[in-house]
Every structure is written in structure tokens, then in C-alpha cells.
Amino acid sequence: MDRRSLLKAGLAGTALFAAPAIIGRSAYASNYKPEYKLSTVVGSAFPWGKGGDIWIELVKERTQGRINIKMYPGVSLVNGDQTREFTAIRQGVIDLAIGSTINWSPQIKQLNLFSLPFLAQDHAGLDAMVQGDVGKEIMALVEKNGVMPLAWGENGFREVSNSKHEIRKPADMKGLKFRVVGSPIFNDTFTALGANPTQMSWADAQPALASGAVEGQENPLHVFTAAKLNTLAQKFVTRWGYVADPLIFVANQDVWKSWSADDQKIVRQAAIDAGKQEIAIARKGLTASDSSFVKEVEALGVKVTELTAAEKDAFKQAVKPAYDKWVQQIGPDLVKKAETAVAASRKKA
């Protein structure tokens, strides 16, 4: 056989070996949806929604358009009911989501870990939880409950605001009507402080604040500005950092399995990269070294109160009965791991 014949035979053999891979990719791609629905609670004006935008663009670019995602903010795929989102992902009503551990805690009780008042304390404490063994355990629980977890994001530490007066001590909460999210731990926490908590969706909360039906709310500061809560009678903010609000990037398991292994890797890494960028956006201007965002809030005519360590400790002691009650429901072993991780992060600091 001459050299030309050998070359032809070699090329033919290469084509035979390459064919299954090409056919495999085509077979997967033919099963792909033209569009995948991504659920979020808020849109692109918020760090949460910005994280969705980043994820969408990274996936589109890195899959060369094989996977196209569209964001549906306002949990519109479940008619605005934040606590139904996780079930809808599991059932396939939602393909992808960036969701709050708070909103998914009715389905996975261990997610209430992050809502234990004054557990995380600061960004270092939160990072120690989600980036360590505690975070791995939480991700395993999400997967066990029928949804594929991919990466962490962050809504931020939730601060309290109201229309009546400055809050510096637990007694200042007495009798105030607060909108809280749909997890019972928030009812227990605010009741322990002498307040009157009312659970309602974010869509319902804004008109309730405007009308005075509720007098206060708790959310990260960037939600305060993006939602223009200063125009809804919220004139007093107290930075108490009582609860962290991590986000989790996830996929419906059937959708996940429908993608090739290569595309699964791409989507996961894009979620990790988008999560890191989103966390940086959520924390910007809210650190000890950079409090520029706090100044933006004050420029709106809002009184921002920073609690001393002793003042914060008074709140921590007041909510201890609620904390102890929920330790039992979440699981003492998991809580102990989290407390140990947070304590270690404070020693490093």
C-alpha cells in the first residue's frame, strides 16, 4: 500500500472513531429545550437578579448557544409564592433557579440553619459555614430532596427597618408590625422580641408598607435601595446582621440528566463563577473597610443605626428561646458544626 493509500485508510479510521462522539453530542443536543426557565425572586436591579444575568450569559457563551436560559423574576412561575419554588423545581415546572435557603426551608428544615438569629455574625462566619463541611452537608441534602445543587450565592445579611423610630434595644421592637418571610422561625424570632410579625410574600409586602398595614421589614440593604423602601415610609434602619441569606444555584434533576457530561461541567462552573461575582456585588460597600453603600442609604434621608457589640448581644439574649427551639428542629449536630466553624473564623480574624 502506497503512502497515499495509507493516509486515506488512516483518515477513514479516525472518522470511524470520531463518529460516535459526534453522534453522541447530536443526540444530546436534539433533546435540549430551545429555552430553559430560570426562577428568581427579584430581577436585575438586585444583586440576586444580576447573578442570574451573569449565569445566563456565561452558559450561553460557553455552550456556544446550545443552552439558552431566560430569567423569570418575581417567582412568576409559581404566581409569586416563594415557598412553593423548591417544589416546583423538583416537579419540573421550573428548570433552573437561584433560590434563597429561607424560601426553601419549608421543604428542607435544615436550611433554617442560616436563619438562626445571630449565628453567622459576619461574612467570615458565613463563609466558614457555606465553604466548609456544613455547606457540603447542605448541598447533599438539597440533592437528596430531588434538586441538583451547583453553587452558592448570597442575598446578604438582613437588616431591620421601620417607619416609627430608631431601634437600638429589644424593647424598641415591642408592638411594631413587621413583614417577615414565610418560615416559622422568623415568627418565633420576632415574637421573642415583642414585635408583631406577619408573613407575606415580597410582592404583597410593598403595598402593605406603603399603606401602613405593616410598619417594618427585614432585608439586606441593597434590597432597601433597589426597592426604594425609603419611599414606603421606611425611615429607620438598624444594621444588626441577625440572619444571613445564602442563595443556591440549582437545576431540575431531569433537565440536568438531559445534558451531556461536558455541558453539565460547563453549567456547574458557570454557576460557580456567577455565584462568586454575585457575592462580590452583594457585599460591595457593606464591609468594615468600605461602608460606601451605607452612606448611600443615609443620603436618602434614612437614619442608619450601627449597633455596638453589647447592644447586639442584648438582642441575641432576647431571642435565645427561639434559637434553642430551632436547634432541635434543624438538628443539634449540624448546628454544632456550624457554631464551631463560625467560632474558628472569629479566632482567625
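Is Glu154 buried or exposed? In this predicted model, Glu154 counts as buried because its relative accessibility is 2%, which lies under the 20% cut-off for that class. Glu154 has its place in strand 4, a run that covers residues 147-154, and its side chain is joined to that of Arg283 by a polar contact of 2.8 Å. Leaving aside residues up to four places away in sequence, Glu154 touches His123, Leu126, Asp245, Pro246, Leu247, Glu278, Ile279 and Ala282, as well as Arg283.

Helix 7 also contributes buried residues, namely Ile185, Phe186, Thr189 and Phe190. Viewed down the axis of helix 7, these buried residues fall within an arc of 125 degrees, and they therefore line one face of the helix. In general, an α-helix has 3.6 residues a turn, so residues three or four places apart point the same way. Helix 7 is followed by Gly194, which has a positive phi, near 85 degrees.

A further feature is the packing of helix 6 with helix 15, at an angle of about 145 degrees and with the axes 9 Å apart. By class, this contact has four nonpolar and two charged residues, with no polar residues. The table sets out the residues that meet.

| Helix | Range | Residues in the contact |
|---|---|---|
| Helix 6 | residues 133-144 | Val134, Glu137, Ile138 |
| Helix 15 | residues 332-348 | Leu334, Lys337, Ala338 |

Definitions and conventions
Residues are numbered from 1 along each chain as its sequence is written. This is a predicted model: local features need pLDDT of at least 70, side-chain atom pairs count only at pLDDT 80 or more; totals for chains, interfaces and linings use all residues. Side-chain values use heavy atoms; hydrogens and water are left out. Axes are lines fitted to C-alpha atoms, for helices over the stretch in contact, and angles run from 0 to 180 degrees between N-to-C directions. Helices (H or I, at least four residues) and strands (E, at least two) are DSSP runs, numbered from the N terminus. Contact means heavy atoms within 4.5 Å. Ala, Val, Leu, Ile, Met, Phe, Trp, Tyr, Cys and Pro count as nonpolar, Asp, Glu, Lys and Arg as charged, and the others, Gly among them, as polar. Buried means under 20% relative accessible area, exposed over 50%, partly exposed in between (1.4 Å probe, protein chains only). A polar contact is a pair of N or O atoms within 3.5 Å; within protein, one must be able to donate a hydrogen and the other to accept it, and residues adjacent in sequence count only if both atoms are side-chain atoms. The arc is that of the directions from the helix axis to the C-beta atoms.
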